[in-house]
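New notebook page. I'm jotting down what I look up in this structure as I go.

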Amino acid sequence: MTESRWVRIGLRIMTAVTLAFIYVPLLVLAIYAFNPSRSQVWPPSGFSLHWFAEAATNGRVLGAFGTSILAALGATGVALVLGTLAALAVSRYAFFGREAISFALVLPIALPGVVTGIALAATFKTIGVDFGLQTVIVGHATFCVVIAYNNVIARLRRMPRSTEEASADLGADTWQTFRRITLPTMGTALLSGGLLAFALSFDEVIVTNFTAGPSTETIPLWILSAIQRPNELPVVNVVAVVLILLSVIPVWLAQRISGGETASVSR
Amino acid sequence: MTAIAAEPPRPGRLRRLAAWLHAHRRVQMLLLLAAPVLWIGLVYLGSLAILLLNAFWDTDAFSGRVVARFTLESFQQLIGSEVYRTIALRTIGMAVAVTLTDILLAFPIAYYMARVASRRTRTMLLIAVLMPLWASYLVKIYAWRVILQGNGLLDWLLTPLGIDGPGLTQVANSWVVLSYLWLPYMILPIYAGLERIPNSLLEASADLGGRAGATFRRVVLPMVLPAIVAGSIFTFSLTLGDYITPTMVSSTQFIGNVIYQNSSLGSLPLAAAYSFVPIVIMIAYLLVARRLGAFESL
């Protein structure tokens, strides 16, 4: 269908409006980060880098960053291992309940986070697990598995079985074939799945709030509490801008991995 | 044929295990499946089961402790209460409103990206849409707080026109912010769905006398429907469970708020019983979505 001139103009205008809707709020925050004053009145009263210095030396913020990275690394690691195992099983074998597995894996991201959060918290309390980084990792890994799974299974479905068979025919055993053939084929799928899982975990607050316990603070948890303390808002502005800038990294990496291939939400 | 000088087999245990595994595919499969199935089955579904079980337990009137004694009291309390009914309906209404808003906002830009824009523009737009998906959820909520609050940007824009800014109490704020938050989750699947439609199909429709409108309604829409449904899983579910947005940009209670408050301070059985609402809705939604082929578009 060749769209008529007016349709194309209309689409262009709506695209511009939507992009503005997406970016104006982020821009406003970026401007506030350079505001010398503590108050959040618009327009800002001047230009200053004061709060950047303040944020860079804020021990609580830096600690929360560290915790977030640890949690995301842990959750991504668990998710990649479990997701890959499940993807290998589902794509390579026919078994009873295969459909149910993909359904069960989607559930943790398809059901509202508040449900996952309260369910895990109730269970940890019941069996007496200490809340902390480890419980955060368990919570995050649970909804990250499907991300790794989706990425890997999409790759495995496209990969011809013949290379693995050839490897076996040439005398390689199961491990050798996996290490030299299957794993390298899955490489970029693991990388992009891992990237998405890492970002999801790094950003997660709804489940984290339930599973962190009082002594563990991730960056989103810090923001959540700092938003409610007017004194801290200038530092929140800076952290927010840093997070927005950091989000360029995964997008850039993902683009390089996929080489401009279309990226969908979970693949 | 000349004999191939095969590497002499390592007598190692690992190698023997590999050979044995190769001959026993069922065991191989079970080993692969064990960890993920145990994790999702025990940690996740097990936790869900414990939560749902709690909905049927009683609370000790004195200590407030949960007692393992079967009762339907939590459900009766929820169904009998005007407040909880209103909150549930409000949340579902909000999820529907946000989903529809996002479909309306996402379709034009997705269509432009998939079928009008040049390759270069398309890549740029794709990056532009992906970027905010990675930017923090809380940062985005906070950005709207800053814009909406008294003496904020919106106040500054509206005051000269003699209109008061919305402040941080209106329910409509939640609608705008939630639509904002989940918009990329809708744009990306619709874009991917539109991109998959082969041009030949649209040409065939035109050749057969279908006007632009008819082609859109009878060819394009049915083909992107699974993608739209896939996107709506996210917009719907994320709205149903959100308890941070409603209190951060407005003073509204959603299902998530009731669950959250009761889980920490109030009664766990009540929170568990209320969790049934989003769980039942989402499972029904997922089953319908799967029938519509939305899982392939996730």
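I started with burial in chain B: buried residues account for 45% of its 298 residues. I'm keeping in mind that this is a predicted model.

Next I looked up the secondary structure of chain B and got 13 helices and two strands. Is chain B compact or spread out? Its radius of gyration is 26 Å, while the globule rule gives 19 Å for 298 residues, so I noted chain B as more spread out than a compact globule. I also checked the span of its C-alpha trace along the principal axes, and that is about 95 × 70 × 40 Å.

Then I turned to contacts within chain B. Taking those between residues at least 6 apart in sequence, I found that 68% join residues at least 24 apart.

On to the two chains together. How many residues of chain B are in contact with chain A? I got 84, and they meet 75 residues of chain A. Helix H2 of chain B, residues 25-54, supplies the largest share of chain B's side, with 17 residues. I sorted that side by type as well: 63 nonpolar, 15 polar and six charged.

Last, the nonpolar core. The largest one has 168 residues. Among those with the most contacts inside it I wrote down A:Ala79, A:Ile118, B:Ala110 and B:Ile187. Which helix gives the most to this core? Helix H3 of chain A, residues 59-92, does, with 15 residues.

Leaving out residues up to four places away in sequence, B:Ile187 touches B:Ala106, B:Ile109, B:Ala110 and B:Val129. B:Ala110 was already on my list for the core.

Technical notes. Residues are numbered from 1 along each chain as its sequence is written. Chains are lettered from A and ligands numbered from 1 in the order in which they are written. This is a predicted model: local features need pLDDT of at least 70, side-chain atom pairs count only at pLDDT 80 or more; totals for chains, interfaces and linings use all residues. Two residues are in contact if their C-beta atoms, placed from the backbone, lie within 7 Å. Helices (H or I, at least four residues) and strands (E, at least two) are DSSP runs, numbered from the N terminus. Ala, Val, Leu, Ile, Met, Phe, Trp, Tyr, Cys and Pro count as nonpolar, Asp, Glu, Lys and Arg as charged, and the others, Gly among them, as polar. A nonpolar core is a set of buried Ala, Val, Leu, Ile, Met, Phe, Trp, Tyr and Cys residues joined through C-beta atoms within 7 Å. A residue is buried if 20 or more other C-beta atoms lie within 10 Å of its own, exposed if 12 or fewer, and partly exposed in between; C-beta atoms are placed from the backbone. The radius of gyration is taken over C-alpha atoms; the globule rule is 2.2 Å times the number of residues to the power 0.38.
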